[in-house]
Structure formats: structure tokens, C-alpha cells
Amino acid sequence: MQKETVVVLDFGGQYNQLIARRVRECGVYCEVKPYNTPLGELRAMRPIGLILTGGPGSVYEERAPKADPGIFELGVPVLGICYGCQLMAQYLGGSVVPAEEDTAREYGRTDTRFDTSCALFAGLPAESVTWMSHGDYMERVPDGFVNAAHTAVCPNAAIADEARGFFGVQFHPEVNHTEYGREMLRSFLYNVCRASGSWSMGSYKAEAIESVRRRVGEGRVLLALSGGVDSSVAAALLSEAVGDKLTAVFVDHGLLRKGEADEVERVFSGRSLNFVRVDARQRFLVKLAGVTEPERKRRIIGEEFIRVFEAEAKKLGRVDFLAQGTIYPDVIESGAGDAAVIKSHHNVGGLPDYVDFREIIEPLRMLFKDEVRELGRELGLPESLVMRQPFPGPGLAIRIIGDVTEDKLHSLREADAIFRAELAASGLETMPDQYFAVLTNTRSVGVMGDGRTYDYTLALRAVQTSDFMTADFSRLPWELIDRVSTRIVNEVKGINRVVYDVTSKPPATIEWE
């Protein structure tokens, strides 16, 4: 049976992955595709609707990203958001121009009035707040369209051609700041696209297991197991799909948190899968010696992981597939097509050009972090494992700014352990969705006893997020931060100053490197 799919065409906006999350939250499967995806490929997907995202460009610019105009002839509803709305207007005969100062140029929370007879806004209040971020203006809307919303300075905050199922909004319904944004997206999916809402994590689980089973056949699979949530869920899914054809290889690269390598072995060596632990600590440290640039660190670690897995595969005999716990944010942040690389993930953008396996299997590649956790529950994993703190594949190498040494690793491990222990002692370990310490490359003068010190500054980071695409810093009690700081400075050699990161994502990323 053909799976109901909505395609999100990505024009480079900062909230584009959030659109996909909102669609899936409504029980409708969707995929994000580059704006220049060939029309034939889109047609083959048989989508029930298209969503055109926002983007930083202006549609009238020569180099502005443009989709194939044939998307408006596929016979499916289309929703344009911000840039996507303006692109629709431009393609279908309207006119988009730069907004004059203080005229139709809007940023941030904006009072907006709606025509509630429009299918997008039916049943919603006639006035509410939306989140605007546009410097261009639809001077003329295309024939067949009507204005469906307006603000104090913008007469066409939303446009609609209901006969053809074409809708455009200048604001961003996917962000929480738009008061009824989720309801608007739901209206598009159910009232316009006529979705049935048949997609669920249970159905994804069944499809993923069957897909892996068909792909592997009689082959054998080596799973890169880190012990984190993603690779653990991948292990459970692959185990159901291929059984004893799976071997899970855990590489101790010497970049893990305090006691973590032993904990991973304790959890997985007792499970019904072939578990192998490889001590590669010196191998990784030698490769990283003197390397300070974060992208180079990631690529070195990514390549070295592959080489270790290749060596282990040879010991095991014939191994056809390498499996990884890659998830959607990894893919997005590593860049695809014209998308910007935020940071390359060691299991995506960090892979070497040559990999000595027939294929790479990534059964979680289309899932966001919270969806991975939900899938873990569907697979029967314990809550303690499903809700485990995220930890990047490159480990502490990207939580040490600058070069990586044994001494720095020891200092960071001890400081991070203190931070985690104090959060647990305060009963606040579940308040942030992720928390950790970063050893900066900044050294400063301090005083301990009667002596002068010149040691490193440590940064504490704690964030709250639902999807790890956006995040807000956690408002931890100052008393807790004070205790953590006092303990670290007194107990950890090489650190004489502690700071707390109060930056959200965006503009920052959750990790520092």
C-alpha cells in the first residue's frame, strides 16, 4: 500500500526541519527534499501535498533558489511558507518586491487578522499572534488568489486559491510563537490534503524491520554501537530484523565520559546479540595529536571509526553491511545539496570517501531524536536507556576546544562527572534534556591559597528541547551552579574558572564544536 507522504521542499530556512516535525506530530509522514529535486522524483513519491519552506533569499534575485514550476501542475495541494509563499506568487503571475522601510516588512511577533472562511483558518480565532520574518512584499497576488489574512502593514499576510488547493502564508506556522500555527498546519493536512493520519511509530517500526530484512537477505551486519540512545535503538531494531546475523562492535576510543565504557559493556554484553568491545584509545589519541580545528577532528574520528570497524569485520569473516544510528538532525546539520554544513557528523559528513562494506544501513536516518526514543519504547527498551543523555559520536574530543591530550581528557571527565552528580543529587537531572561540560581553550589568572594559577576555563551547558533542532538554555538554580563551580575548582586539577552558557539554539548549536 502506498504510504501517505507530504513532501517538504527545503529552500534553506532556519525552521525547515521543524515543519517536518510538526507534520509528523499530526500523524502524517513527510520527507524533506532539496528545493531542486527533479519533478519526476517528486511525482514518483506520489505525495498528497507539498510544503514550500522559508529561506534567506529573495525570489526576484537571479541566484535565488527555484523549484521546477511543474510542482504546481502535480495536481496536489501546495502550502508556501514565507519565501515559499512568495515563490508561489511569483511563479503563478504575482509580483514580489523589496518592502519599503516600515511598510510590509515584519519581524517577530505580529498581531494578525484572519478570514476564518478560509480552509486554513476555519474554526480559529479571527485575530491572533503570528511570527513574521520577511523583508519582501507581495505587491500583486496572482489571479485566482484572495487575501486570507492581514496585519497593520501587510494586506496579504496569507493568500489562498482554494479551487486549486494553493495556500501561502507570510508568517511561520511551525514555530511556537505563532499561536495557532499547529492547528493551521493540521487544517492543511486534513482539510485540504485529506490525510487519514495513518502514520505512527508502530507502523514505522514494522516497515523499517521489513525493509532491513529484505535488504540484508542472507548477508551479515556489523553495527557501530556507541551505547547512546540512537545506536541502542538501532541495535534493538536490527536484532529483530536479522537476529544472529548482527554483531554489535563497541569502539572504546578513549573519548568517553567517566566510567562510560564499562557501563556500555555491562548493559549490552548481557543482551541477546553478539557484542565485541575494542580498545582503540591510543590509536585515536595518536591521530588527534595537535589537531585543533573541529571539523578536522570530526573527520579524523569518522575515518578512524570506519577503519576499526573494517578491521573487526575481517576478524569476523564475511560482513556485508555496516549499520549506524544516524538520525535526521545528523543528516541535516551535515548538509546536503545546497544546504549549509552546520557541523559534519562523524557518521554522515565525517565518513571517508572509501568504505570497505557493500552498503551502509541507517534504519533511523529519517527520524528525529524524540521519534527515536518513541521507537525505542515500541521495541521494548527500558526507559533508562531510552531517556539516556545524548552523547556525540566524537565524544569529548569536541567538548575540548583546541588540541586533545590525556591531561585535558582527565580534567574534563572529572568536571563533567561532578556536574552530573550534583544535578542528580538536586533531583534536577531530568530538567534539562542535555547537559555537559566543555573545556575551553581559554586560560586565565586565578588565585588558590597564596599562589597564582594560570589554568583553563570550564563552561557548563544545559538545554531544554523536544527535537534537538531548536533548544533553550536551562534556567538552573544559581545555588546548584555555585556548588558545581566550587567543587570543580577545588577538586579538578587544571581548571580555575567556571562559566555557564546562556545561549539558545539558534543562534548557537547545542555542542560547542
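Visitor: In which helix does Ser239 lie?

Guide: Ser239 lies in helix α6; helices are DSSP runs of H or I with at least four residues, strands are E runs of at least two, and both are numbered from the N terminus. The model is predicted, with local features requiring pLDDT of at least 70 and side-chain atom pairs 80 or more, while totals for chains, interfaces and linings use all residues. Residues are numbered from 1 along each chain as its sequence is written, and side-chain values use heavy atoms, without hydrogens and water.

Visitor: Why does Ser239 count as partly exposed?

Guide: Buried means under 20% relative accessible area, exposed over 50%, and partly exposed in between (1.4 Å probe, protein chains only). The value for Ser239 is 21%, and Ser239 therefore counts as partly exposed.

Visitor: Which residues of helix α4 are buried?

Guide: Among them are Met184, Leu185, Phe188 and Val192.

Visitor: What makes the length of α4 agree with its number of residues?

Guide: The expected span is 1.5 Å times one less than the number of residues. For the twelve residues of α4 (residues 181-192) this gives 16 Å, and the end C-alpha atoms are 16 Å apart, so the two agree.

Visitor: Why are α6 and α11 called oblique to each other?

Guide: Axes are lines fitted to C-alpha atoms, for helices over the stretch in contact, and angles between N-to-C directions run from 0 to 180 degrees. Angles under 35 degrees count as roughly parallel, over 145 as roughly antiparallel, 65 to 115 as roughly perpendicular, and the rest as oblique. The angle between α6 and α11 is about 40 degrees; the two helices are therefore oblique.
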